[in-house]
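This report walks through selected features of one protein chain. Please look at the sequence and the structure before reading on.

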Amino acid sequence: MRRLSRWIFEELKALCADPVLLSILVAAAVLRLSSCLQYGFCDEAYILNNVFQFCAHKTIVPANAGYPTLFCYLATVPSSLAAVLLTQMGHLCSASDFASLIKLDSLAAYVPARLTSVFFGIGTVWLVFRLAEGLFDRTAATVAAAAIALSPVHIDRSALAVPDVTMTFFATCSLWYALKILSRRERKDYLLSGSFAGLTVAAKYNGVFVLLPIATAHIVNSWRGPLSGYFSRNVFWAMFAFVLSFVCACPALLIVPRLYFDTLLSQWEIARVGHMGMYGPPILTHIYMLLNTQTTLGLLLIGGAIYSLYRHRRQDIVLLSYVLPSFIYIGSLAKKELHLLLFILPALSLLSGRLFSDMVQQIAPPSRRKTASCILSFVVFALPLFSALGEAVDQVSKTDNRWIAYRWMQQNIPSGACVVKDEYPSFAPLLMRKSQMQELLSGPHRAFFEKRLAGARGFDIEEMDYTPQWMSNCRAEYLVISSYYYRAYTEGLAPPPGNPNFARFNARKKVYSELLSHSRSSVWELVKRFDSGKGPEILIFRRMPAGSGGL
């Protein structure tokens, strides 16, 4: 413990004396903290429900196993502290009321767990800088760290209470020691790389690819040596450390293994079948998404991987053995989401930093390399930086359209009115049924809800049935849709014929297309559009009176 404290003190001292790294970390922190103010994301509910389960029932068994439980355990600490703090400040009647905040879409329920992601996100930026500095040079380290700090997908996932960035942090730690195996071949490097690999998978299952650089580093070291070198005890120590750390980080797996197994099978089925609006050609779709969202950073990241193929040195082989199989396998799945590849972003950033450094050395003499580096940095990072700053300003200064729409509906739609909503609740404003409100007002947290639901209107809520007959004949008076959902059908690619979602996709696309076309034959008229704030565009339709139009 004394050595750890001394190391932290020395690192902080070095950080204060390094204005470049300090500036990158401050920028990374500002961009991620501002994004913490975004509306609740549907996957965060899985994490928070587990956190509330741990605290309420004093158990380590999760309510659901949609994700492995390491991040849930980590997020429980700041969430518990926030609950105690809000209680002491008088905002909550008791600490147990904290779980009730999520039912009201309060950001206070999300922010403590999101800060866990922010912490690991900033930590990943620092790790990448130190790793690149040791592998290459300071220029490569600066570029690699900046690439992580300004990556839109990393910023976004760092501001959510989901395990992607925590997984990426531990994957980077494992990669660090896997690369050390190349030079030192010490048992502690195998143990540490295996341990961090276990924590990676305990955060999110797709991080299992982090085992590849460990195996590759060992094979590269054993190449052209005796056959016995391939079966060194160090390999078994690494695997033992991997299994042990995974089990220690997910102890509930030993108690309810069936829950984890069934959830893993369902997650695999989703990855195989895909999500609506997230289809496209294998591999090419993820390349397009990388270039579309990361802009000039995406070009640099892809260029770094190509350059590494050209160099193919020992370090390149280890890094590429991690990047390429991960990208090819995940890119071939039907589910197309860029954040599924987030764990290889540090490796890509390392390769792009080395490419940048070598380019500067090739195109400029020593006396002009600083100038060349500044010009190239502006070309690569100007667009991502201004884009990230603009997004940060919007997050801080604008109100989410869902909150704006909620206030309008509370004022303009009568209590008890029948309202139809999209399938995904978090994409649209939070609305409560009258029965839900009565249940909350008579439950164990009555005092909490009496204060916050005073004057609130409850509605009769129905979920959309995506058939033309139902849309024409349903008894609802209002219909609420979100651009996050309807654009998946009106603008997204359809699943291939034979996919289980093919008919479902086409049925929804037909309904949404008719609604948005404002056809005279439609029984629905658009009465309000909310698009001045952040988040999705919210559209509210009203059923036209009989005889005033429609069929």
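Which residues form a nonpolar patch on the surface? The patch consists of Ile375, Phe378, Val379, Leu385, Phe386 and Leu389, with about 610 Å² of accessible area together.

## Basis of the model

This is a predicted model, in which local features need pLDDT of at least 70 and side-chain atom pairs count only at pLDDT 80 or more, while totals for chains, interfaces and linings use all residues. Residues are numbered from 1 along each chain as its sequence is written, and side-chain values use heavy atoms, with hydrogens and water left out.

## The surface patch

Patches are made of residues with over 30% relative accessible area and no salt bridge; like charges are joined within 9 Å, and nonpolar side chains (Val, Leu, Ile, Met, Phe, Trp, Tyr) within 5 Å. A salt bridge is a side-chain nitrogen of Lys or Arg within 4 Å of a carboxyl oxygen of Asp or Glu. Accessible areas come from the Shrake-Rupley method with a 1.4 Å probe, and for residues only the protein chains shown count as cover.

Valine 379, one of the patch residues, lies in helix H18 (residues 369–397). Helices (H or I, at least four residues) and strands (E, at least two) are DSSP runs, numbered from the N terminus. Valine 379 counts as exposed because its relative accessibility is 52%; the cut-offs are under 20% for buried, over 50% for exposed, and partly exposed in between (1.4 Å probe, protein chains only).

## The sheet

Five strands make an open sheet with mixed pairing, in the order S2-S1-S3-S5-S4. Strand S2 (460–463) and strand S4 (524–530) are the edge strands, each pairing on one side only. From one strand to the next, the twist averages 25 degrees. Two strands pair if DSSP finds at least two bridges between them.

Strand S1 (residues 418–421) and strand S3 (residues 478–482) are parallel, paired over three bridges. Valine 419 stands opposite tyrosine 478 in S3. Helix H19 (residues 401–412) packs on the sheet and touches S1, S3, S4 and strand S5 (538–543), its direction making about 125 degrees with that of S4. Helix H23 (residues 483–490) also packs on the sheet; this helix touches S3 and S5, and its direction makes about 75 degrees with that of S3. Axes are lines fitted to C-alpha atoms, for helices over the stretch in contact, and angles run from 0 to 180 degrees between N-to-C directions.

S3 and S5 pair in the antiparallel sense over five bridges. In S5, isoleucine 540 is the bridge partner of valine 480, and leucine 539 that of isoleucine 481. S4 and S5 also run antiparallel, joined by six bridges; there, lysine 528 stands opposite isoleucine 540.

## Buried residues

Five of the five residues of S3 are buried. Tyr478, Val480 and Ser482 point one way from the strand, and Leu479 and Ile481 the other way.

Leaving aside neighbours within four places in sequence, its contacts (heavy atoms within 4.5 Å) include Tyr478, Leu479, Ile481, Trp524 and Leu526. The C-alpha atoms of phenylalanine 541 and alanine 488 are separated by 19 Å, the two residues being 53 apart along the chain.

Serine 352, in helix H17 (residues 345–363), is also buried, with a relative accessible area of 0%. Not counting residues up to four places away in sequence, serine 352 touches Val143, Leu300, Leu301 and Gly304.
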